[in-house]
Amino acid sequence: WLASSVRGAYKNGNNGSGAASHFSQADLAAAAPAQENTTEVGLEELRELALKAVKTCGYTHQEAQVLVDVMLYAELRGNSQGLIKVVSGGLNRAPGHGSPTLEKETKLSALIHGHQQMGMLVITQAMEL
C-alpha cells in the first residue's frame with residue numbers, strides 16, 4: 001500500500017541527507033499502481049515523517065536515518081514489511097538493549113554482539129568494518 005502512495009513522487013534525486021538517493025526511477029516505476037482511497041505523499045515528506053516517528057522510539061538521528069533508509073528501500077520494491085514497523089511497534093527497543101560491540105575480528109571475519117539492537121543497525125556496523 002505504501003509503495004503505491006509514494007510512486008513517482010521522488011524526482012529530485014536527494015534523500016534528504018544531502019547524499020544521492022538509493023532510489024532510481026526504475027525503482028519507483030516498479031512500485032505498485034495507486035489504488036482508490038489512497039493518499040499520495042511525496043517521498044521526502046514521508047521520509048521526514050518516518051524519521052520523526054522513529055526518533056520517538058529512542059533512536060538517534062543517525063540510527064533513525066539507517067532504519068528509515070532500509071524500510072523505504074523495501075517499501076519501494078513492494079516489500080510491505082518496512083514502514084509498517086513504525087506504527088505497529090516493530091521498532092520498539094528491547095529491554096536491556098545496548099550498543100553493538102565487536103567481540104572478535106580476523107582478516108576474514110568479525111563477530112559482533114548486537115546487544116538486542118535492531119538488526120538493521122548491527123548489520124550497518126558490520127558492513128563498515
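Buried means under 20% relative accessible area, exposed means over 50%, and partly exposed falls in between (1.4 Å probe, protein chains only). In helix α6 (residues 119-127), the buried residues are Met120, Leu121, Val122 and Thr124. This is a predicted model, where local features need pLDDT of at least 70 and side-chain atom pairs count only at pLDDT 80 or more, while totals for chains, interfaces and linings use all residues. Residues are numbered from 1 along each chain as its sequence is written, and side-chain values use heavy atoms, with hydrogens and water left out.

**Overall layout**

- The chain has 6 helices and 2 strands. Helices (H or I, at least four residues) and strands (E, at least two) are DSSP runs, numbered from the N terminus.
- Starting at the N terminus, the order of elements is α-α-α-α-α-β-β-α.
- The chain has 129 residues, and buried residues make up 33% of them.
- Contact means heavy atoms within 4.5 Å. Take the contacts in the chain with a separation of 6 or more: residues 24 or more positions apart account for 52% of them.

**Helix α4**

- Helix α4 covers residues 61-75. It has 15 residues and reaches 21 Å from its first C-alpha to its last.
- That reach is close to the 21 Å expected at 1.5 Å a residue. The expected span of a helix is 1.5 Å times one less than its number of residues.
- The buried residues of α4 include Glu63, Val66, Leu67, Asp69 and Leu72.

**Salt bridges**

- Side chains of opposite charge can pair when their charged atoms come close.
- The structure holds 2 salt bridges. A salt bridge is a side-chain nitrogen of Lys or Arg within 4 Å of a carboxyl oxygen of Asp or Glu.
- One of them joins Asp69 to Arg47, with the closest N and O atoms 2.7 Å apart. This pair links distant parts of the chain: Asp69 is in α4, Arg47 is in helix α3 (residues 43-55), and they are 22 residues apart.
- Arg47 counts as buried because its relative accessibility is 3%.
- Glu63 forms a salt bridge with Arg93, and here the closest N and O atoms are 2.7 Å apart. This pair also links distant parts of the chain, 30 residues apart. Glu63 is in α4, and Arg93 is in the loop between α5 (84-88) and β1 (101-105).
- Both Glu63 and Arg93 are buried.

**Aromatic rings**

- A search of the whole structure finds 0 aromatic pairs. Rings of Phe, Tyr and Trp (its six-membered ring) pair if their centres lie within 6.5 Å; planes under 30 degrees apart count as stacked, over 60 as edge-to-face and the rest as tilted.
- Arg77 lies over the face of Tyr73, 3.5 Å from the ring centre. A charge sits over a ring if NZ of Lys or CZ of Arg is within 6 Å of the ring centre and within 35 degrees of the ring normal.

**The hairpin**

- β1 and β2 form a hairpin, with 4 residues between them.
- Strand β2 covers residues 110-113, runs antiparallel to β1 and is joined to β1 by 4 bridges. Two strands pair if DSSP finds at least two bridges between them.
- Lys104 stands opposite Leu111 in β2.
- Ser109 is found in the loop between β1 and β2. Ser109 is partly exposed because its relative accessible area is 43%.

- Ser109 and Ala126 are 17 residues apart along the chain, and their C-alpha atoms are separated by 9.7 Å.
- Most residues other than glycine have a negative phi.
- His115 is not a glycine, yet its phi is positive, at about 50°. His115 lies in the loop between β2 and α6. His115 is partly exposed, with a relative accessible area of 26%.
- Gln116 also has a positive phi, near 65°. Gln116 lies in the loop between β2 and α6. Gln116 counts as exposed because its relative accessibility is 57%.
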